[in-house]
Structures are given as structure tokens and as C-alpha cells.
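Visitor: Please take a close look at one part of this model, the nonpolar core, and then at what can be said about the charged pairs and the surface.

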Amino acid sequence: MIAPKKTLLAVGITFLGLLSTVYTVSSTILMRHARDAEARSTRQSIQGVLGVFTQTQENFSSRFADWSSWDDTYTFVQDGNLNYIKSNLVPEALANLKVDLVLFVQPSGRVVFGTGFDQQHKRKLPIPPKVLQHLSTEDPLLQQPLRGTNLSGIILLPSGPMLITSRPILTSEGKGPIRGVLIFGRYLDANAIQWLSEVARSQLTVQQLQGNLPEDFEAVRPALTTRSPMLVRPVSEQTIEGYVLLTDIYRQPALLLRVDTPREIYHQGKKSLNYLTISLLVIGLIGGGIILLLVQRLALFLSERQRAETALQQVEEKYHSIFENAITGLFQTTPDGHYLSANPALAQIYGYESPEELLVALTDIEHQLYVDRNRRTEFRALLQQQDVIKKFESQVYRKDGSVIWISETARVVRDANDQVLYYEGSVLDITENKLTESALRESEERYALAIQGTHDGLWDWNLTLNQTFFSSRWKAMLGYEDNEIANHRDEWLNRIHPDDALKVHQEIAACIEGIITQFESEHRLLHKDGRHLWMLSRGFVVRDENGKAYRMVGSQTDITERKRAEEQLLHDALHDSLTGLANRILFMERLRHVIQLSKRHENYLFAVLFIDLDRFKVINDSLGHMVGDQLLVAIAEKLGDCLRPGDTFARLGGDEFVILLDGIQDDEEATEIAEHVQQTLKHPFHINTQEIFATASIGIILSTTTNYERPEDLLRDADTAMYRAKALGRARHQVFDPSMHDSAVALLHIENDMRRALQNQEFQLYYQPIVCIRTDKVQGFEALVRWQHPKRGLIMPSEFIPIAEETGLIIPLGWWVMREACRQMQEWQLQFPTVPPLTISVNVSSRQFAQPDLVNQVQQILQETGLSAQCLKLEITESTVMENADAAVVMLQRLRDLGIHLSMDDFGTGYSSLGYLHRFPVDTLKIDRSFITNVEDDLEKMEIIRTVVNLAWNLGMDVVAEGVETKKQLAQLKVLRCENGQGYIFSRPLDHAAVAAVLADKRIFASNEVGQFGEALP
């Protein structure tokens, strides 16, 4: 029994040792594979980020393709007309383009126009000086686009790295000559890096290589070069970092990018290691007994294993011999583009001394090997689809930089879990085959061109004998048979159109005399049926040893259709596609011509009529755009009959037409034609069984008005006169005078000042008391806005409110008034509490009332200021609620549900709302001041007020009379039992300090103290 025990002990010790060895080896291999997989995953993440970055550069460049091939851009770079900038590169456009730099540069390096742009504050900035250092003719930023190609990349500026794209400026047809370079730039700021992080789904950090780097970036910088730009390293148990070196447009190191990735694969490996430990423990317990049964077979197993290893070694030696000595290039690569192995034949194909040199040098197949980087992506995509590809042909770089053609055959090698391990395959050098194919293809193309050339008519002119041969095709082009045209040059020259004959004879003579080397002429020839066809005739002269011309041969091509297409394109470019009238381009060209004509001839007069249809939008919205288009066509036809021969009638777009009256006798003739146009439009138009009436407002500008230099200025003033006609009631005409332009400029200045005033808090609130007529006590205040202009002083609402309504500025102004009024009333209530509490009345404009978020905005203001809804009274005009009464009822009820009081302002001056009044949840009716003025002497006004007061009582509403200024008016209102009043008899509008003083004195507004409060205030 001693021997079995010793054997058992030996087996046990051996088994434990074996388990320990298995654990050590397995854990080492497992964690190494985990780290390798983790590194590969991180490299793939970096490749993904680089792909996103590359795509971002391409997208950024492609966004401006239209700009660089726009005819207006092409013209602007030559003439520098700043109207192009004012029309296209305003701050709003730069904000939409999301660019921080725009440059228009001529080939000489001169900047035609350039600007920086602050995206945050939407304002233009100076061009960074560093950028101007790049604008030399030798710099790639100009040089490459001037060769007709685009350039995109990074440049480093003191304010940060900038993504920049440079494109050649060509015409819309992509033709030259290149007139300059269009450059757009965008800073790679924190927002851009954040956007890249989101797109790449990785946490990115970018550092410039200029200046001091953070410690972690400084630590890896020496290990990164342009040949080996990528590095991966774990920094903690939780994070692994990937670094990649990015170059600028000069291929110099510029940026260091870091990708932070959680170590999920590493932790998965550790988890697997824990499972392995548990498994080995279980195996140790269970297998301890089983191993005894296998001891006897161990020797046999070891013997078999030795034989298998010997056989495997023989196979490996045989494979190694084949691999090393094959004449075909063999390889193994990782999916992400790294060579695992290569044989000598592959190294020789790629121009390397040995496979080892190849493996060290070629670390990124996609970017280092393939001429077209997309080929590696296509290679991988095909392998993912079908696991095997054959004869995959590509151009690649050899070590010396030369380019060869290769053909690849490859397959995917997978593990037992169907996961990709690597790619393996072979490579053949097919450069010679490709050269042969190219030569054959060129030969075939030349042959095809020669065959195609037979479709042209051929001619051969013997200059010595003055005999000419015309091919059958040449004669057929003109409708003749072979026997119908003699072999004489006059058969050709006598058929040339008279307008072209002299030019053709001169070109032929110049070619024969040697002034030009080749004859090429476009001219018209007479066809047998009497038509003239356009022909392109080309030829050359054959000379003897003395240089004397003895023969001229050539061909003839029918280009009639091309000429017709060119004429049609020219017509389409200068005419409106809907009406067939002249378009803006043609009109402006003719207007420019008559302006110059008027400068040369003092007695020459012309006029421009700017016509805009009234309420055309209503027709489009009600009957549809198709009917609207048909109406425009009908109007164009009818108005065309009103014009004289020689006048230019054009459509600028939409419902805007212009008429250029050329060579009029006097100014009255222009107004007579305008009146004739309006009389013509009075007749109805019948379209699709619809009878439509249309009117127009016409602005007239006369050549005698002022000395115009540019047609744009003249058209602008005609447009101004048209808008004056609309403002005066539509369906009329108005002649321009310079004061109109001054008014328009003044209105523009006021609008700009208002926008600045909102930002600079130049608006102020005044408060006019609303007083109980019976008790003389203050019930509340109405908030009235004033503008404290920095130069003009205090401006009243009547001057700026209409402009605010027209421009939409009334909306932000209205919210400011409401918020400030609520804040001030809450402050007064805390400082001077009253029972019941005072109310604050705030006017709501029609534009504010139409806002869908009106209720939410009011509720938010009440929450911000802390004012009770019961203390806020919104005043809405009668005309506002009657524009859409049903919708107004819903909106008013929502406001009423908040607890807010509602007041109908200017009651009785707008639409008749009596039929809806009982439906409106209104608390107060405000009688307009027009009914209060002279009420003591006007019985009709007195009865109107009495009716309104009785109506309000019956509907449970309060009444406030506005504009009460005299004791007689106040006494009359008391007789009519009007409850509340507002006006100068009680107080002028007060500033917040004056109101606080009144509330502190607890004084009442007695009728015997008329106007004593705030007399000096506006």
C-alpha cells in the first residue's frame, strides 16, 4: 500500500502544480489578450475619430462649393463691388454658415475682402494677422487652389487652431480663368471639439503643440512622429488613453488629440480571470479523483502528443519554406490595417529589402500604402460581406514613392466563436498588364474618335488647281446629293450668310498666308430648303518644302442645335420663366444703359415705374399659388398692351413688376402711363371660373429727380415711392422725391436705435393713476413706456410704438414693460400695503396677443416678480380681439383662469364688438378719450358714455374713462355714474419715485387739487 500512497501523493502534488501552472499561464495569456484587444479597440476608436475629423473637413469644404463657383463671386473678386458683401455676407449669413473667417484673395495675394466673425456676439472682427502671413503666392493656401484644386486642413493661430478650406473661384459652369481664392475658416473651439466628441461617441481632448503642454500630453509627445502618429497607453484601472498627432496644411505637427476610453475590455478580462480561478478550484476538487484514473494513460497521451508535435513541426517547416520561397507576395494583416507577417516576395514587390523592414515601415496600410485611401475601406467591406475576395486591383506606393498596380486575393480567418482574427492573402504586381491595357485603350479611343469623325463633312481644297472635294456627308448636311454640287470652292463660299461672308474670307486668307496656324470658323450656310444652318468649319494648310501653301483640308460640323441651345440659355438667363418678361438681370442692364445715355445727352428723359400688387398674399392664401401664378401671367399680358414700343417690362419676382419708359417727352407722360396701368387693372380677371380684382401701388422715379450713378440706387428709390403709395392707401401712384429717402433712412435709424435701446435699457416706465371718481382714491396705475434716447432725450410712444409694431420689436419691448411693471407694483405693495391692493394695468399689443406662448409668458413673469395675478390687469384693444373673435375668447379665458383682470381698451373706436362682448371674459371697459373730449357740450357723446356705462353694469363690468382733463368733464362723468377716471385732472404720468412719494403721503386725488401731481412730468 506504500507505493500507491506515494503514487497518489506524487499525483496529487503533480496535479496541484499543474493547476497552478495552468492558472498562471492562462491568467497571463488572458490578460495579455485583454490588453491587446483593449489597445486595438482604442486604435479603432482613434481611427473612427480621425474618420469623423476627415469627414468634417470634407463637409466643411463642400459647403462652400456654390460660393466659389458663383458668378457673383467671380465678378466681385474682379471689381470689388461691396454690394456683394452687403447682400451675402451680413452677420446673419455668417452666423448661419458657422464660419469665423472669410477671405476673398486675388492670385497676387491681395485680399479683396476679408473679415473675422464672432459667432457668440454675431459681429464682425478684424482678420487675424497670422492668417495674412499665409497669403503669399508660394503658400499652399493660395498655390493649390490656383491650380484648380481645393485645400482643406488646419492652421494654428494665436487664438487657437482653425479648420480652413481654400477653393478656386470659378464661374458657375466651373470654367476659368481662376480669378482668385475663396477661404473660409472655423475655429476648433470647445464647442467644435464637443460636437466631434458627440459624433465620434468618444471623449476627446485637443491640445496645440505651440506653447507648454499639460503633463500627460508632454509625457507622450516625444513618442509621436508623423511616421508613427498614434500611441495607446493605460493610465489607470478605469481609463485607457489613445493619442494621435494631427498635422496642419503644411503637413507639420499641429495638434495632439487624446481619446479617453473606459477599460471595459480589461475589466472583462479580469472578470474572466475570476471565473477561471473558480473553475480551476472546482476542477481541482472534482478532477482530483478522476486524475488518478488517467495516470496510467498519461504516458500514452504524452507519446501521442510528441508525435503530433513532430508532425506539426514538419507541417510548419513545410509552410515556412513555401511562405519564404513563394514568388507571390503573401501577407497576414489585422482588420485595422497592420501587417502581422509578410514574405520576401511581398517585400520585393513593395520595394523593401526584407519583410522585417516592411513590417517596421508599413504601420498604417490605409494611409501609407494605397494611393486611393478608400480602397482599404472597400477591401474590408468586401471581406465583411463574403469572407473571400479575388483580383482586388489597386494602385499602391512603393518604398521609393513610385506607384504600381497590384491584384490582391484575400480571405478572413476567424476563431471558433466566428470572431475575426486576421486577414491573409496574396499580392501580384500587375503594373505591366495595366500599362498594356492603357495603351490598348488609348488606341481604341483614337480609333473610335476617327470613326466618329466620319460623321462630319470633309472637304479638300487644291489651292493650285482651285478644285475642291466635298464628301457625301458635307453635301448631305446642306440637303444635296453627290451629283448636285460641283467640285468648286464657290459651292461653299457662295452659300455663306452675307453677314458672315467677309469674316470667313478673312480667316481663310489668314490661314493660307500663315498668319494663323489653323482655320476654325463658325458661320451660317444656306440649306437647300432655304434655311440657314450654323456650321463649324475647321482645317489646316499643307505647304511644300518652300513653305508655299498648295492644299487646305478640313471638316465641317453642324452646330445648329448647339447654337439654338445657347440662344435659349441666353434667353432663359435674361427672362422670367413664369411670365416671359425680362428678369432683374436684363432690366438692370438696360437701366444701366439709359443712365449712361442720360449722362451723354442732356435732353434725354426716362422714368421707372415700380409696380407692386395690393393684397396679393390674400389671393395666394385663399385661391392657391397656382391661381396666383395664372393671375401674374394675365396681368403681365394685359399690362404689356399699355406700353409703347421700346419700353422694357420686367418681373423682379413675386408680385413686383417694373417698367422702364425709354425716351419720354416729359414727366407727365410717366404719370399718364401709370394712371393707364391702374385703369387697366380695374377690370376683373377671369381665371378658372373665378372673377378676381387686382389693384396695384406704383412708385414712379424720373430721370430728372437726381443724378444717379448706379441702377440699384434708382430702383431702391422707386421701391421707396411705391411703399409711400401703399402707406397712403394703396391702388395709387406716387412720384419719388428725395425727402422720401430721408424719411426711410430716418425710420431705419430709429429702428436700429430701438434695438440698441432694448440692450442698453434706455426705456423707462411712467405710471398714471386710475382714480375712483366717487371717492377720489387711487385704484391702481397704468404703466406707460417712454424712451430716454441718449441724444434726443425723452421720446413719446406715438413716435416709436408704430415702428416697433411694424418691425416686431413690440414683442420684446412688451415683455420688458410687463415684467418691469409687475416688479415695481410688487415692490410698492410690500412698501405701502393697501386694502384692497393696488392694480397695475399693462397694454398688450396685437402682436403679443397673437403669440402662442402668451399665457405661459405672463405666468412666468408673475412667478419671477412675485406679484399676485389679482393685481395685474391686461389692457387689450377692441380691434385686437375682433381680428379672430373665437380664438380671442379662448385666449382671454385662459388668462382669466390665471386670476388676471382683463380690460378692453379704446372701447367703441374699433370694430363693433357688442355681439361678442357678452362672450369675452372682460372685467373693465375703457372709454376712449375721443368720447370724453368736449363731452360737456356734445349730447351725442354724453349718450354714448351713458350707454357704455349701463352696458357695463348689466354685464357686471367696471368702466374707466380715459383722458379726463377738466372739472366739467369730471362733473359730467359723475352725473353719468362713471366709476373710474384717468387723466391730467388727477395726475400726469409719474416716474416711480413720484409714485412712491404719493403713496407714502397717503394722499387722495381730490377734484379740487386738479393736476397737482406730476405737472412737470411727461
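Guide: The answer starts with the basis of the model, then goes from the core to salt bridges, surface and backbone.

The model is predicted, with local features needing pLDDT of at least 70 and side-chain atom pairs counted only at pLDDT 80 or more, while totals for chains, interfaces and linings use all residues. Residues are numbered from 1 along each chain as its sequence is written, and side-chain values use heavy atoms, leaving out hydrogens and water.

The protein chain has an average pLDDT of 82, and 90% of the residues score at least 70. For residues 1006-1018 the pLDDT is below 50, although this stretch has 36 contacts in the model beyond near neighbours in sequence. Here pLDDT is the predictor's confidence in each residue, from 0 to 100, and a contact means heavy atoms within 4.5 Å. Where pLDDT is low, the predicted coordinates should not be read in detail.

The largest nonpolar core contains 85 residues, and those with the most contacts inside it are Phe781, Ile840, Val858, Leu872, Leu874 and Phe920. Helix 27 (residues 810-831) gives the most to this core, with 10 residues. Such a core is a set of buried Ala, Val, Leu, Ile, Met, Phe, Trp, Tyr and Cys residues joined through side-chain atoms within 4.5 Å. Buried means under 20% relative accessible area, exposed over 50%, and partly exposed in between (1.4 Å probe, protein chains only). Helices (H or I, at least four residues) and strands (E, at least two) are DSSP runs, numbered from the N terminus.

Not counting residues up to four places away in sequence, Leu872 touches Cys822, Ile840, Val842, Val858, Leu862, Leu867, Ile900 and His901. Another core lies apart from the largest one; it has 43 residues, among them Val49, Ile85, Leu97 and Ala254. In soluble globular proteins, nonpolar side chains tend to be buried together.

Glu820 is partly exposed at 22% relative accessible area, and Arg823 is partly exposed at 33%. Elsewhere, salt bridges that share partners join Arg233, Glu241, Arg258 and Asp260 into one network. A salt bridge is a side-chain nitrogen of Lys or Arg within 4 Å of a carboxyl oxygen of Asp or Glu; the whole structure has 42 of them.

Two further pairs can be set beside this one. Arg495 forms a salt bridge with Glu491 at 2.7 Å between the closest N and O atoms, and Arg495 counts as buried at 15% relative accessibility. Arg716 and Asp717 meet in a salt bridge at 3.1 Å, N to O; Arg716 is partly exposed at 36%, whereas Asp717 is buried at 3%.

Leu597 and Leu435 are 162 residues apart in sequence and 64 Å apart in space, C-alpha to C-alpha.

Finally, the backbone has positive phi values in residues other than glycine. Lys391 has phi near 55°; it lies in strand 13 (residues 388-397) and counts as exposed at 68%. Arg977 has phi near 65°; it is found in the loop between helix 35 (967-975) and strand 36 (980-982) and counts as exposed at 54%.
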